[in-house]
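Open the model in your viewer and keep the selection panel at hand. The tour goes from one ligand to the next.

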Amino acid sequence: MGKAIRLIFLMPLLVVVLLGFVLAGKGYGQFWNLPPRVPPHEFGTITIDRNSSAKGEKPVVFPHWSHRLKYTCRVCHFELEFEFKRNTTPITEQDNRNGLYCGKCHDGTTAFAHRREHCGKCHGGDKSALKKKFDRIWRKLPHSEYGNRIDWNKAIRINNPRYSIFLHEKPIKFMKTLNLRAELGRIPPVKFPHWEHVQLLDCSSCHPEIFNLKKKTTKHFSMDSILQGKFCGACHLNVAFPIDPCKRCHPEIRE
Ligand code: HEC
Ligand code: HEC
Ligand code: HEC
Ligand code: HEC
Ligand code: HEC
Ligand code: HEC
């Protein structure tokens with residue numbers, strides 16, 4: 001084989017090796033398809049439509065950001081029994097009128113009631129309807145780079161959302177921070193702070209359904225499954241800060 005021909009065969013290999021170096025140099029972030037970014041006011045704003053369209057109403061648009069200024073996650077996801085997945089809670093108009101689900105607060109006292117003139121505030125079908133209100137409130141809150149572009153950890157210290165709507169309960173002082181190390185690869189460990197979560201959530205929001213109650217026993221704990229909405233991805237894809245800022249979970253990662 002002539003020298004020139006040998007080079008032609010070697011070129012593709014060389015390109016692959018070089019590309020490898022370039023990608024490695026860019027850090028780990030390039031390897032996943034992160035969910036598309038949405039405008040700040042639409043992050044965590046979800047459309048609920050199990051039955052509305054079928055019954056001739058517009059779908060319900062529920063803004064997390066405005067509710068989480070006033071209430072912790074556990075008020076709705078523990079005390080009022082909303083599921084952590086859209087379109088899975090059997091909410092009906094009748095239940096709401098009877099003071100369940102949304103109707104626990106939307107009763108005409110705490111918030112607007114289930115009356116004709118208000119149907120469209122929930123059954124509005126438009127995720128942008130609250131943009132102006134968002135922008136006004138956003139200006140007064142501590143900022144971050146992703147999601148709602150609000151640093152919710154700081155915001156809750158200012159806003160002090162209600163921990164319970166029934167009792168004068170306080171969160172259990174469970175402060176344990178875990179260092180979660182990946183089985184594969186040399187990725188810097190994940191710091192999981194219980195306290196930041198326990199102030200907002202109930203133990204049962206995570207244990208035992210999402211995570212085992214014993215460190216390092218949760219199976220298939222990987223970025224792929226997180227990006228499919230499992231484990232940390234149950235909240236950190238669409239309501240809590242998203243996956244883009246690697247450093248917030250892997251503090252020592254090089255970005
Ligand atoms: C505080 C928010 C809110 C208000 C106000 C509200 N709804 Fe709803 N409604 C919901 C939610 C949430 C669901 C569940 C959505 C789904 O799964 O499609 C729902 C579901 C429905 C459904 C479909 C399920 C069923 O029970 O048949 C109808 C019909 C409905 N609402 C009618 C109305 C009417 C009429 C009004 C005004 C009188 C109204 N709603 C006001 C939040 C609201
Ligand atoms: C005022 C009530 C309320 C509060 C407070 C609240 N949520 Fe929700 N959340 C809901 C409702 C309603 C749904 C939709 C449930 C359904 O359709 O079955 C939902 C759905 C979700 C989903 C699924 C989203 C999707 O796209 O499937 C996640 C994740 C979630 N909430 C996380 C949180 C977190 C984290 C907090 C606290 C920071 C929180 N929620 C606070 C009412 C609330
Ligand atoms: C724990 C109490 C609570 C629950 C549960 C709750 N809301 Fe609200 N909601 C409020 C309060 C308080 C406001 C502000 C009231 C006002 O301005 O009149 C509000 C306002 C809203 C608004 C107006 C937008 C805004 O931010 O001003 C919408 C839309 C809304 N809620 C939809 C819903 C839907 C849909 C559900 C059920 C899936 C629901 N809410 C459940 C307390 C609650
Ligand atoms: C919400 C928290 C969170 C964020 C944000 C996050 N990770 Fe992870 N990551 C984890 C957890 C948890 C594990 C599993 C740790 C274990 O195995 O104990 C993990 C594992 C990994 C692993 C090794 C296992 C695997 O799946 O390959 C890599 C590589 C990784 N993360 C890279 C990243 C990069 C790059 C980003 C930013 C784009 C990122 N992570 C953002 C929580 C997070
Ligand atoms: C946001 C989710 C979340 C919440 C809420 C949560 N935990 Fe955890 N917890 C985890 C994760 C993740 C692990 C590690 C699991 C693994 O590595 O397999 C863990 C592990 C543990 C462990 C084992 C620690 C060790 O060192 O082995 C205990 C004990 C625990 N949690 C108690 C609690 C208690 C008590 C509460 C409520 C006060 C609570 N957790 C709330 C996510 C959570
Ligand atoms: C049940 C919902 C839920 C799950 C599951 C969850 N988180 Fe969170 N996490 C939150 C909420 C809500 C916050 C408050 C900040 C926000 O909303 O952006 C938070 C805050 C944090 C913070 C504090 C950020 C800071 O800058 O101080 C870290 C770190 C974090 N989460 C990592 C993780 C990791 C790692 C996992 C998986 C092992 C995980 N979380 C699982 C809901 C959740």
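Before moving on, some ground rules. This is a predicted model, where local features need pLDDT of at least 70, side-chain atom pairs count only at pLDDT 80 or more, and totals for chains, interfaces and linings use all residues. Residues are numbered from 1 along each chain as its sequence is written, chains are lettered from A and ligands numbered from 1 in written order, and side-chain values use heavy atoms, without hydrogens and water.

**Stop 1: ligand 4**

Show the 22 residues around ligand 4; a residue is near if one of its heavy atoms lies within 4 Å. Arg 181, Met 223, Cys 246, Cys 249 and His 250 come nearest. Now look for polar contacts (pairs of N or O atoms within 3.5 Å). A backbone N or O atom of Arg 181 is 3.0 Å from a ligand 4 oxygen. A polar backbone atom of Met 223 lies 2.8 Å from an oxygen atom of ligand 4.

**Stop 2: ligand 6**

Select the iron atom of ligand 6. His 197 (NE2) and His 236 (NE2) coordinate it at 2.0 Å; donors are N, O and S atoms within 2.8 Å of the metal (3.2 Å for Na, K and Ca). His 197 sits in helix H8 (residues 194-198), His 236 in the segment after helix H10 (223-227), 39 residues apart.

Color by accessibility. His 236 is buried at 13% relative accessible area, while His 197 is partly exposed at 21% (buried is under 20%, exposed over 50%, partly exposed in between, with a 1.4 Å probe and protein chains only).

Next, pick Asn 153: a side-chain N or O atom lies 3.0 Å from an oxygen of ligand 6. Then pick Phe 241, where a backbone N or O atom is 2.9 Å from a ligand 6 oxygen. Strand E4 gives the most to this shell, with 4 residues.

**Stop 3: ligand 3**

Center on the iron atom of ligand 3. Its protein donors are His 67 (NE2) and His 106 (NE2), 2.0 Å away. Which of the two is buried, and which partly exposed? His 106 is buried at 14%; His 67 is partly exposed at 24%.

Technical notes. Helices (H or I, at least four residues) and strands (E, at least two) are DSSP runs, numbered from the N terminus. A polar contact is a pair of N or O atoms within 3.5 Å; within protein, one must be able to donate a hydrogen and the other to accept it, and residues adjacent in sequence count only if both atoms are side-chain atoms.
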